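Thanks for asking me to look this one over. Below are my notes as numbered points, to be read alongside the model.

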Amino acid sequence: MKADRNVQRPYRILLIEDSSSDAALLKLALYDDPLNLDFELKQCVRLMDGLGAVRSAHFDVILLDLNLPDSNGLETFTNVIRHIPQIPIIVLTSFGGEELALTAVEQGAQDFIFKDRLDPYWVAHSIRHAISRHQLFQRVKQAEAREVETAQRANQAKSEFLAAMSHEIRTPIGAVLMASDILLQRGSSVAECKELTRMISRNGQHLLALTNDILDLSKVEAGCLSVENQSLDLALLLDEVSATFKPMAESMAIDLQFLFSGVVPTAIDSDSMRLRQILNNLVGNALKFSAGGRVRVSAARANSAWLAIEVKDS
């Protein structure tokens, strides 16, 4: 073993070679290395012994002879890389076996070394670069895997967003259709017509805002939608939500109530669109799954800083 100032620990080398003379020559080449490669070497003479050694200890590189007592030719390499893809492999071959060694490189080996042309410098050079190339390849694979995972999360976020939006869109569309039906099917007073027209306008504006969110894919890819705090008139918002669902509640014979419990501030800081979406969902579901009875929406102070809005059905 030699000192190597460029690494924190010796390179752990697994040599799978059944020829004692070839193994001795390879060890001698490593000891004569002018680069002073710091290494620890373990030798196994059978493929199964080498695979077992990897399961019980860590190695940085495998020097693999293709012709072993229990395996022969390219099958030796394919067995190793199938079981141990995480460790770089350098194929050992004799002169005349270059074609087989090149095939192994094409299938994932980092390099090959001629056993009958062992040059200390090139042996150490091959080991260093095999480890470096393999580490770089692993980092690239990990980066690609992260990119795939990020893309999958973005696609999932898009799918969830579009599914949620499809639900969000139904409520204002339902209100618009119901108001339109009332205007078309029965004679209404001027005041009622104006109120129904205002309801159609409000829900149309809400649909437009939802559409803008759907088109804003940058929010979807970020995995969230922004919440914009602004001062809003809570009583007016609740009146508008009430007006949206009042025709539905009346057609279903459900008593829809909007109440304030205690002293509730008129102006609050919240996101008007998000709060409207939440209330539309809760009230819409409460009406949808109630068979008569009552749906109550109540607003009350939770504490000095927060307001609680509760939707409760009978």
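1. A word on terms before we start: a residue is called buried when its relative accessible area is under 20%, exposed when that area is over 50%, and partly exposed in between. Tyr-121 has a relative accessible area of 32%, so Tyr-121 is partly exposed. Please keep in mind that this is a predicted model.

2. Where does Tyr-121 sit? Tyr-121 belongs to helix 5, which covers residues 120-185. Together with Leu-35 and Trp-122, Tyr-121 makes a nonpolar surface patch of about 300 Å².

3. Now the overall picture. The protein contains nine helices and ten strands. Its radius of gyration is 37 Å, whereas a compact globule of 314 residues would come out near 20 Å. Along the principal axes, the C-alpha trace spans about 105 × 45 × 30 Å.

4. Buried residues account for 38% of the 314 residues. Among contacts with a separation of 6 or more, 70% are between residues 24 or more positions apart.

5. The salt bridges deserve a look. Side chains of opposite charge can pair when their charged atoms come close. How many salt bridges turn up in the whole structure? The search finds eight. One of them joins the side chains of Lys-115 and Glu-17, at 3.2 Å from N to O. This pair links distant parts of the chain, 98 residues apart: Lys-115 is in the loop between strand 5 and helix 5, and Glu-17 is in the loop between strand 1 (11-16) and helix 1 (20-31). Both Lys-115 and Glu-17 are buried.

6. Lys-115 has another partner: Lys-115 also forms a salt bridge with Asp-22, with the closest N and O atoms 3.2 Å apart. Because Lys-115 lies in the loop between strand 5 and helix 5 while Asp-22 lies in helix 1, the pair ties together parts that are 93 residues apart in sequence. Lys-115 has a relative accessible area of 12%, so Lys-115 is buried, but Asp-22, at 22% relative accessibility, counts as partly exposed. Glu-17, Asp-22, Asp-65 and Lys-115 are linked in a network of salt bridges.

7. Glu-195 is partly exposed at 30% relative accessible area, and Arg-198 is partly exposed at 45%.

8. Aromatic pairs come to a count of three. Phe-112 and Phe-114 form one that is edge-to-face, with 5.5 Å from centre to centre and 80° between the planes. Both Phe-112 and Phe-114 are buried.

9. Gln-110 sits in the loop between helix 4 (98-106) and strand 5 (111-114). Is Gln-110 buried or exposed? Gln-110 is buried, with a relative accessible area of 18%. Beyond neighbours within four places in sequence, Gln-110 is in contact with Pro-88, Ile-89, Ala-130, Arg-133 and His-134.

10. Finally, Gly-50 in helix 2 (residues 47-56). Gly-50 counts as buried because its relative accessibility is 0%. Leaving aside neighbours within four places in sequence, Gly-50 is in contact with Leu-14, Ile-16 and Cys-44. The C-alpha atoms of Gly-50 and Leu-15 are separated by 8.0 Å, with the two residues 35 apart along the chain.

Conventions:
Residues numbered from 1 in each chain as written. Heavy atoms only, no water. Patch = residues over 30% accessible without salt bridge, like charges linked within 9 Å, V, L, I, M, F, W, Y side chains within 5 Å. Areas by Shrake-Rupley, 256 points an atom, 1.4 Å probe, with all protein chains shown as cover. Salt bridge = Lys/Arg side-chain N within 4 Å of Asp/Glu carboxyl O. Helix = DSSP H or I, 4+ residues; strand = E, 2+ residues; numbered from the N terminus. Buried < 20%, exposed > 50% of the residue type's maximum accessible area, 1.4 Å probe, protein only. Rg over C-alpha atoms; globule rule 2.2 N^0.38 Å. Contact = heavy atoms within 4.5 Å. Phe/Tyr/Trp six-rings, centres within 6.5 Å; stacked < 30°, edge-to-face > 60°.
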